[in-house]
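Please read this report with the sequence and the structure side by side.

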Amino acid sequence: MTDGEYDGAFGGEPGGTGGMTGPAWGEPAGEGRGDPFDEALALANAAAPVRVRPGTEAGAGGGPEPMTVRVPYATRETAAPHSSTTGGGGDVPYTPDDPFSLDDPAACGNGPSSASRSSSTPKSPGPSGSSDPSGSSNPSGSSDPSVPEDPPAPTASGPRPTPAALPWHIARDIAERAVPGPPAPETSALGDALGRTLAAPLTALTDLPSFDTSAMDGWAVSGPGPWRLDHPAGAPEAGPLPGILAGHAPTEALHDGHAVPIATGARVPPGATAVLRSEHGEVRELTDGGRRLYAPQPAPPGQDIRPRGQECRRGDQLLPVGALVTPAVLGLAAAAGYDELTAYRRPRAEVLVLGDELLDHGLPQDGRIRDALGPMLAPWLHALGVEAAAPRHLADDADTLYAAVAESTADVVITTGGTASGPVDHVHPTLRRLGAEVLVDGVAVRPGHPMLLARLAPHRHLVGLPGNPLAAVSGLVTLAEPLLRTLAARPPAAPYRTPLAAPVHGHPQDTRLVPVAYREDERHGLTAAPLRFHGPAMLRGIAAADALAVVPPGGAERGTELELLELPWSAGWSPVSSTGWTAPGGA
């Protein structure tokens, strides 16, 4: 199911429930002003912070202490903030800069709340629609309180009041700070740590190399040449001279003026001063039957020998806490003597693709379309270091969605579609039934305006993505990626800005995320070229993109440096295997 994009700017009527009565976002908080982050979180939960009047000391003389009151989701409609997204002032009309960015359908209405959406808690009806006098009921119709019961599906009809959309950067900050940090670290076998983040420093357990090692095939020599090549005691006189191979320790010291063949990686014998490469030496037969090694140039001491501890000494820190375990890190850890690593586990996500109109194979037909998000989201999450089973496709049914979310054991449930207020948009009613706390409900970004983030439990969250493909990508990078990054203990990417290769029109009030590709420019060097086909339902642009450009309200001219969100594959993407966890009911 696809969600409509609704127009609107952040904020509302001054003095209204959702209007901003303090400083603009990003303005330093002064006397009597709250933290913008706390205010944004309060607005997302239909609550406003209580402020202390200037000159009044908090808690003194009967004055109120500053606090933020959050309204439970079940009562949000009665306290929903006024917003320009739902009438009353409205938005400045927005005309896209090309015919491929038609991402502004009509705004959603803000209808009145029905009686069943009051702040009081209704009694649960029994199977026949009657209520138990005690206020409880169960599927079997008995009054046994030990029989568990799902909360009833909301029966209210009419559009859901739309809260004020949060500024894009504030919404990302809320998502990043939605959890205090990653779960407790785990110790696992070396191979199982791939894609995780180190929870303890990687410290060398031995010197590397642990002994003097030959860096080349050739001869270990002692002193200046030429060098005598002697057969070791007990070796046959005929045939090639035996040498020192990798994995075999030399049994005798090398005397001055002598040489012995040696292989790359073999331990250099005591007394050796250098290694002479095989292509640089010449062996000549002597009249007495012996052999002598000659070199056109002297072999300086230490030549082609990797001395013990050249790379590190035992106890040296090789990598700090927070380093991502890549294939190269696995190799380094193995070389340093590790069999196990202590790292934070990968977050577990479950993807629920909603919509009766979606097909999982074949051509679109009979009004139905192919599911583009299911094949895309799981590998995208893998690239972020997340464990994600195959996405589950759910029909447009409120009880089915409720059961799937309630039974999920994932750290983060990701839904696609159903985040608006259409007749089959069941995400908000499901969150109300679950008693979830909404942290973000709408973001001032195009595409992807009707995205949301909710806390299901202290350590479980739901990210609701819009159903349109590019709008879902916008929700993924805005809310899901920062949240999952914190859970995985991955540091945020360093801010990256690149000049635009062409101008980009902007929305009057909202941020735009526009697919761009890197191009070389004679004047600006590396630039970001905006791509066409960036409407909310299109994937053609993002499929050819290297990054998403964060376009501020009003747009940007050619040469303007914009913040870029690089896509996982733009820096050499490789999937992380998702093993060891399967979502309930998943494939």
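The sections below describe a predicted model.

## Overall make-up

The predicted model holds eight helices and 31 strands. Of the 587 residues of the protein, 46% count as buried. Among the contacts with a separation of 6 or more, 75% come from residues 24 or more positions apart.

Strands of a sheet pair through backbone hydrogen bonds, either parallel or antiparallel. At the S12 end of the order, S12 pairs with strand S13 (residues 291-294) in the antiparallel sense over four bridges, with Val283 having Leu293 as its bridge partner in S13. S12 and S13 form a hairpin with five residues between them, and Gly289 in the turn has a positive phi of about 95 degrees. S13 is also joined by three bridges to strand S9 (residues 227-229), the two running antiparallel, and here Leu293 is the bridge partner of Trp227.

In a regular strand the side chains alternate between the two faces of the sheet.

How many of the 11 residues of H4 are buried? Nine of them are, so H4 is largely enclosed by the rest of the structure. The buried residues are Leu373, Gly374, Met376, Leu377, Ala378, Trp380, Leu381, His382 and Ala383. They pack against strand S17 (348-354), strand S20 (387-388), strand S22 (412-416), strand S26 (460-465) and helix H7. H4 is followed by Gly385, whose phi is positive, near 85 degrees.

The axes of H4 (residues 373-383) and H7 (residues 469-487) come within 12 Å and cross at roughly 25 degrees. Because angles under 35 degrees count as roughly parallel, H4 is roughly parallel to H7. The crossing of these two helices is right-handed. On the H4 side the contact is made by Leu373, Met376, Leu377, Trp380 and Leu381, and on the H7 side by Pro469, Ala472, Val473, Leu476, Val477 and Leu484. By class, the residues of this contact of H4 with H7 divide into 11 nonpolar, no polar and no charged.

## Helices H5 and H6

Helix H5 (residues 398-407) and helix H6 (residues 427-434) have axes that come within 10 Å and cross at roughly 55 degrees, which makes H5 oblique to H6. H5 passes H6 in a right-handed crossing.

The contact is made by Ala398, Asp399, Leu401, Tyr402, Val405 and Ala406 of H5, together with Val427, Thr430, Arg433 and Leu434 of H6. Sorted by class, the contact of H5 with H6 has seven nonpolar, one polar and two charged residues.

## Thr415 in strand S22

Is Thr415 buried or exposed? At 1% relative accessibility it counts as buried, because the cut-off for a buried residue is under 20%. Thr415 lies in strand S22, one of the strands against which the buried residues of H4 pack.

Leaving aside residues up to four places away in sequence, Thr415 touches Leu352, Leu354, Leu401, Val427, Leu462, Val463, Gly464 and Leu465. Among these neighbours, Leu401 and Val427 also take part in the contact of H5 with H6.

## Pairings of strand S31

Strand S31 (residues 561-566) pairs with strand S27 (residues 497-499) in the antiparallel sense over three bridges. Within this region, Pro499 stands opposite Glu561 in S31.

Three bridges also join strand S30 (residues 547-551) to S31, and these two strands run antiparallel. Here Ala547 stands opposite Glu566 in S31.

How values were computed. Residues are numbered from 1 along each chain as its sequence is written. This is a predicted model: local features need pLDDT of at least 70, side-chain atom pairs count only at pLDDT 80 or more; totals for chains, interfaces and linings use all residues. Side-chain values use heavy atoms; hydrogens and water are left out. Axes are lines fitted to C-alpha atoms, for helices over the stretch in contact, and angles run from 0 to 180 degrees between N-to-C directions. Angles under 35 degrees count as roughly parallel, over 145 as roughly antiparallel, 65 to 115 as roughly perpendicular and the rest as oblique. A crossing is left-handed if the near helix is turned anticlockwise from the far one by less than a right angle, and right-handed if clockwise. Contact means heavy atoms within 4.5 Å. Ala, Val, Leu, Ile, Met, Phe, Trp, Tyr, Cys and Pro count as nonpolar, Asp, Glu, Lys and Arg as charged, and the others, Gly among them, as polar. Buried means under 20% relative accessible area, exposed over 50%, partly exposed in between (1.4 Å probe, protein chains only). Two strands pair if DSSP finds at least two bridges between them.
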